[in-house]
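Here is a short briefing to read with the model open beside you.

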Amino acid sequence: MDSTYAGAYGHVKALYLNLLRKDEIDRIKETKKEEFMNVLSSTSYKNEIDQFYNRFKEPDIMDVVVNTHFLNNCNSAIGVLPSIGKPLIRSYLSKIDIQNIKLILAAKLIGKNVEMTENLLTIGRSFPLGLSSPLISKEEYRNIIEQKDTVEVINYLTRYPYGRVLLPFSVSAELSRDVSGMALALDIEYYNDLLRNFKFYNGNEGPVLRFIQGLIDLRNVITVIKEIELKKPAKELLIKGGSISIDKLNDMTKMNIEEFIKDLPYDLNEALELYKQDGLIANFEVELKRIVHDKYLPIFRANSLSVAATLSFIISAEIERDIIRLNWFKKYYNIEKKVVDIGYGI
């Protein structure tokens, strides 16, 4: 078996030391708002907290610290990858750019000013809009948000693959004041790009392909749930490539949400119970992510001679970022609403 990834695996294994342990996560979850920053400062986040402590105030500092730490982890992981593995990891991380681009386009259409602070996109310096990514630099994001309207944003983005996808919408988006077509086109390109950049190299990459299919299923299931609530057909919004056929999912839009959830090959009962209480669908997405991660992360970590090992680290860093941000948000704003546990990913 080819040993191309052997060196990278050793480096990635060392990078795991920069992620929080389960006991550290538990301590963060249990701490009060007043002690949150101090507790986090006793972990590997100390460098970022020291860097930004005098430059940002609460609550913004937490987004800046956590996102900067995540970016550092991503850049470290990409840096040790052999060239054959970089395209897939970059494709996976491009979802950050895609989400930011969607939000920038929407803001431009409604006349909101977007600004770039340290590793954070905001509206009016107060409302977090998106996070910087390892792929598009802060300087480039500043150039993007300085464009005066959606047409200029799209034209500027033609230097990236995203622009090629958006170019057909450059006139119609301004006329219709709607970004839904562009958002769907970006989503389709994201998953197609993941599938294009997946390669069998050592022959042990099958779980990575099934993970990508699981991500497509996740996106399609959430789309169907939204469409059931709106009582609309979902077929034109579904993306090919998952393990659940589009035809089957489209037929299932005739069900109510409880019937749909129980007919899926996933156990979403915890999210369903919360949905019955508050009517929110966000927990379905969180629980689906947790199920997919719980299934594949242990397999990826055990696979030292493929891109899976690096992908597992990136996903674990992403989960850690989301756990900290969610717990900080709940404590800072004193939100008691129960949510599905994201998981640990470590």
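Let's start where α15 meets α16: Asn269, Glu270, Ala271, Leu272, Leu274 and Tyr275 on the α15 side touch Asn283, Phe284, Glu287 and Arg290 on the α16 side. Please keep in mind that this is a predicted model.

**The α15 and α16 pair**

- The axes of α15 (residues 269-278) and α16 lie 9 Å apart, and the angle between the two helices is about 170°.
- Angles over 145 degrees count as roughly antiparallel, and α15 and α16 are therefore roughly antiparallel to each other.
- Sorted by class, the residues of the contact of α15 with α16 are five nonpolar, two polar and three charged.
- Glutamate 287 deserves a look of its own: this residue sits in α16, which spans residues 282-302, and is buried, with a relative accessible area of 4%.
- Setting aside residues up to four places away in sequence, glutamate 287 touches Asp267, Leu268, Asn269, Glu270, Ala271 and Val340.

- α6 (residues 86-109) packs on α7 (residues 138-145) at an angle of about 25°, with axes 11 Å apart.
- That angle makes α6 roughly parallel to α7, since angles under 35 degrees count as roughly parallel.
- The crossing of α6 past α7 is right-handed.
- Ile96, Asp97, Asn100, Ile104 and Lys108 make the contact from α6, while α7 brings Tyr141, Ile144 and Ile145.
- In the contact of α6 with α7 there are five nonpolar residues, one polar and two charged.
- For α2 and α17, the packing angle is about 15° and the axes are 9 Å apart.
- α2 and α17 are therefore also described as roughly parallel to each other, and α2 passes α17 in a left-handed crossing.
- On the α2 side, Ile25, Ile28, Lys29 and Glu30 meet Glu320, Ile323, Asn327 and Lys331 of α17.
- The contact of α2 with α17 holds three nonpolar, one polar and four charged residues.

**Nonpolar cores and buried helix faces**

- The largest nonpolar core has 79 residues, and Tyr92, Leu93, Phe211 and Phe300 are those with the most contacts inside it.
- Neighbours within four places in sequence aside, tyrosine 92 is in contact with Tyr190, Leu194, Phe211, Leu215, Leu311, Ile314, Ile315 and Glu318.
- There is also a second, separate core of 26 residues, whose members include Val221, Ile244, Phe260 and Phe284.
- Phe284 is also one of the α16 residues that meet α15.
- Which residues of α3 (residues 33-41) are buried? Phe36, Met37, Val39, Leu40 and Ser41 are.
- Those buried α3 residues pack against α2 (22-30), α4 (46-52), α5 (60-80) and α17 (308-332).

**Single residues worth a click**

- Alanine 107 belongs to helix α6 and is buried, with a relative accessible area of 3%.
- Beyond its neighbours within four places in sequence, alanine 107 is in contact with Lys112 and Val114.
- Alanine 107 and methionine 182 are 75 residues apart along the chain, and their C-alpha atoms are separated by 14 Å.
- Arg290, Ile319 and Ile323 are in contact with glycine 343, leaving aside its neighbours within four places in sequence.
- From glycine 343 to lysine 46, the C-alpha to C-alpha separation is 23 Å, across 297 residues in sequence.

**Backbone details**

- The peptide bond from glutamate 58 to proline 59 is cis, with omega near 0°.
- Proline 59 is placed in the loop between α4 and α5.
- Asparagine 334 has phi near 55°, a positive value in a residue other than glycine.
- Asparagine 334 lies in the segment after α17 and counts as exposed, at 57% relative accessibility.

Note on methods:
Residues numbered from 1 in each chain as written. Predicted model: local features only at pLDDT ≥ 70, side-chain atom pairs only at ≥ 80, totals over all residues. Heavy atoms only, no water. Axes fitted to C-alpha atoms, helices over the stretch in contact; angles between N-to-C directions. Helix = DSSP H or I, 4+ residues; strand = E, 2+ residues; numbered from the N terminus. Parallel < 35°, antiparallel > 145°, perpendicular 65-115°, else oblique. Left-handed = near helix turned anticlockwise from the far one by under 90°. Contact = heavy atoms within 4.5 Å. Nonpolar A, V, L, I, M, F, W, Y, C, P; charged D, E, K, R; others polar. Core = buried A, V, L, I, M, F, W, Y, C linked by side-chain atoms within 4.5 Å. Buried < 20%, exposed > 50% of the residue type's maximum accessible area, 1.4 Å probe, protein only.
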